[in-house]
Amino acid sequence: MYAGAGPRDLPDGGPMGGGGSARVAALAASERRRFEEVAAAAAAAAAAARDGGAWLSIERQWARRKAEAEDSFFGRMTPLAYATVQSWLAPPKGDMSARVTLVTQCSLDRLPRLRATLEAWRGPASVAVYIDAPRGSAAAAEREAALAQERRHLPAAVHTQLSISLLYARGGGMAEGGAEPGSAEEYDSLYPINALRNLAAGEARTELVFLLDVDFVPSAGLLRELQQQRPALLDTLAASRTALVVPAFEVDAAAPMPRVQSSLSALLRRGAASSFHEAHFRHGHGPTDAARWATASAPYEVAFEEYYEPYIIASRAWLPKYDERFRGYGMNKVQHLRAVAAAGARFVVLPLHFAAAHEHAKSAAWTRTLG
C-alpha cells in the first residue's frame with residue numbers, strides 16, 4: 001500500500017511534483033466551484049452595502065464572506081478520528097542508553113522493507129502500522145497475527161528495541177470501492193500517512209527522533225557514529241531547534257543497496273544512483289547539496305527552500321506535529337518540513353552517512369491519489 005517514499009518515475013508537472021489525476025482534479029474542481037459561489041455572494045453583499053451607503057461595513061462584510069469562502073473550500077479536508085493501539089508490541093522497560101529513536105510507518109505489504117530498515121538501524125524504533133480493516137474485525141485479527149509473526153523473525157537486537165503501534169481503517173479501509181471518484185469520501189479513505197507518523201512519533205522513548213520513510217535503509221553505523229563520535233552534535237540537537245539532515249538517495253532496482261559512502265559514490269559515478277527524485281522533483285532534496293556532501297567531513301548548514309523535504313533527526317520537544325488532513329500521496333511531508341522551518345529550525349547536513357532506497361513500483365496510495 002504505502003510507506004511514504006514515492007517511486008522513481010514520478011511524473012513531474014511542476015514544482016509540486018506529479019502530473020495530476022482525474023480524481024484529484026474532480027475533487028479540486030468541485031471545491032473550487034463552492035469557493036467561487038461563496039466568493040460571488042461576498043462580492044454581491046459588498047456591492048449591496050456600497051449601494052446602500054454603508055461604506056464602513058464593506059470591508060467587514062468582505063472579510064467575513066472571504067473567511068466563509070475559505071472555510072467552504074478547505075473545510076472538507078479535516079483530520080479524522082481513527083481507532084489506534086499505542087505500543088501494541090513494546091520492548092521491555094529498562095535502560096535506554098541510545099539517544100535517538102527511528103520513527104516510521106507502513107502498511108502490511110511493506111513489512112519486508114521495514115525489516116531491512118530496522119536491521120540496518122539496530123537501535124530504538126517506533127513504528128506505526130496501518131491495519132486496513134476496522135478494529136475488532138476478523139480481518140483485523142488476521143493482520144495482527146501476521147504482524148506478530150513477522151516481528152518474531154527479527155533479530156533479538158532489533159525486536160527488543162522495537163515499539164509497534166496500530167492504526168485501523170475506518171469503515172471498509174482502503175480496499176473499499178464505494179466512494180465516488182473525486183469525492184471527499186474517497187479522499188477520506190486514502191492511506192492516513194500523517195496520522196500514522198504522529199502516532200509513531202508519540203510513542204518514541206527518546207527525546208531525539210529520526211523521521212524516516214520505511215523504504216529507506218540507513219547507512220551502516222549511523223547510530224553508532226552519532227552516539228560514540230558525535231555526542232556533542234546530539235547535545236546540540238537536544239538543546240536547540242536544529243534539524244540534522246540525513247541525505248537521501250535513490251538506487252536502481254538492479255543495483256546492490258549501498259551501506260557505506262564509498263559504495264554509494266561508486267553507484268553515483270556510474271549513474272546507478274542519484275539524490276532522491278533528483279530528475280523529477282529536485283526541490284525535495286536539492287538544498288542538501290549532494291555534491292558538497294560527497295566531500296564534506298564536517299556538518300554544514302543549508303538554507304531552507306520551498307518544497308524542501310529532507311529526512312531529519314531533531315528533538316521532539318519542539319518538532320511540530322504532522323498535519324493529519326493530508327492523506328494518500330503527495331505534499332504531506334513537504335507541509336511538515338515547512339512547519340519545521342517556520343518553527344525556526346536550522347538545517348544542518350550530516351556528512352559521511354545517508355539513507356538510500358531502491359526504486360520501486362507505484363504504491364496503491366500513489367495510484368489512488370494521482371491516478
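This is a predicted model: local features need pLDDT of at least 70, side-chain atom pairs count only at pLDDT 80 or more; totals for chains, interfaces and linings use all residues.
Me: Is Thr104 buried or exposed?

Reply: Thr104 counts as buried, because its relative accessibility is 3%. Thr104 sits in strand β2, which covers residues 100–107.

Me: What surrounds Thr104, leaving aside its neighbours within four places in sequence?

Reply: Thr104 is in contact with Leu114, Ser126, Val127, Ala128, Ala200, Leu212, Asp213 and Val214, once neighbours within four places in sequence are left aside. For Val214 there is a further detail: a polar atom of the Thr104 side chain lies 3.1 Å from the backbone nitrogen of Val214.

Me: How does Arg346 count by the same cut-offs, buried, exposed or partly exposed?

Reply: Arg346 has 36% relative accessibility, so it counts as partly exposed. It belongs to strand β12, residues 346–349.

Me: Which residues does Arg346 touch, leaving aside its neighbours within four places in sequence?

Reply: With those neighbours left aside, Arg346 is in contact with Arg241, Thr242, Ala243 and Glu301. Val302 and Arg346 are 44 residues apart in sequence, while their C-alpha atoms are 7.9 Å apart.

Me: How should I read a nonpolar core?

Reply: In soluble globular proteins, nonpolar side chains tend to be buried together. In this model the largest nonpolar core has 44 residues, and the members that touch the most others are Ile312, Leu319, Val340 and Phe347. Helix α7 gives the most to this core, 6 residues. Another core lies apart from it, with 42 residues, including Ala140, Leu147, Leu223 and Val348.

Me: What is Leu319 in contact with, beyond its neighbours within four places in sequence?

Reply: Leu319 is in contact with Val209, Leu211, Ile312, Ala314 and Val340.

Me: Which residues line the second largest pocket?

Reply: A pocket is read through its volume and its lining. The second largest pocket holds about 180 Å³ of space. Its lining consists of Asn198, Ala201, Gly202, Val209, Leu211, Arg316, Leu319, Pro320, Lys321, Tyr322 and His336. By class, 6 of the lining residues are nonpolar, 3 polar and 2 charged.

Me: Which element supplies the largest share of that lining?

Reply: The largest share, 3 residues, comes from α7. Both α7 (193–202) and β5 (208–211) supply at least two residues each.

Technical notes
Residues are numbered from 1 along each chain as its sequence is written. Side-chain values use heavy atoms; hydrogens and water are left out. On a 1 Å grid over the protein atoms alone, a cavity is a set of points where a 1.4 Å probe fits but cannot get out, and a pocket is an open set with protein on both sides within 12 Å along at least five of seven lines; lining residues have an atom within 4 Å of a point. Grid points are joined across faces, edges and corners, and a volume is the space filled by probe spheres set on the points. Helices (H or I, at least four residues) and strands (E, at least two) are DSSP runs, numbered from the N terminus. Ala, Val, Leu, Ile, Met, Phe, Trp, Tyr, Cys and Pro count as nonpolar, Asp, Glu, Lys and Arg as charged, and the others, Gly among them, as polar. A nonpolar core is a set of buried Ala, Val, Leu, Ile, Met, Phe, Trp, Tyr and Cys residues joined through side-chain atoms within 4.5 Å. Buried means under 20% relative accessible area, exposed over 50%, partly exposed in between (1.4 Å probe, protein chains only). Contact means heavy atoms within 4.5 Å. A polar contact is a pair of N or O atoms within 3.5 Å; within protein, one must be able to donate a hydrogen and the other to accept it, and residues adjacent in sequence count only if both atoms are side-chain atoms.
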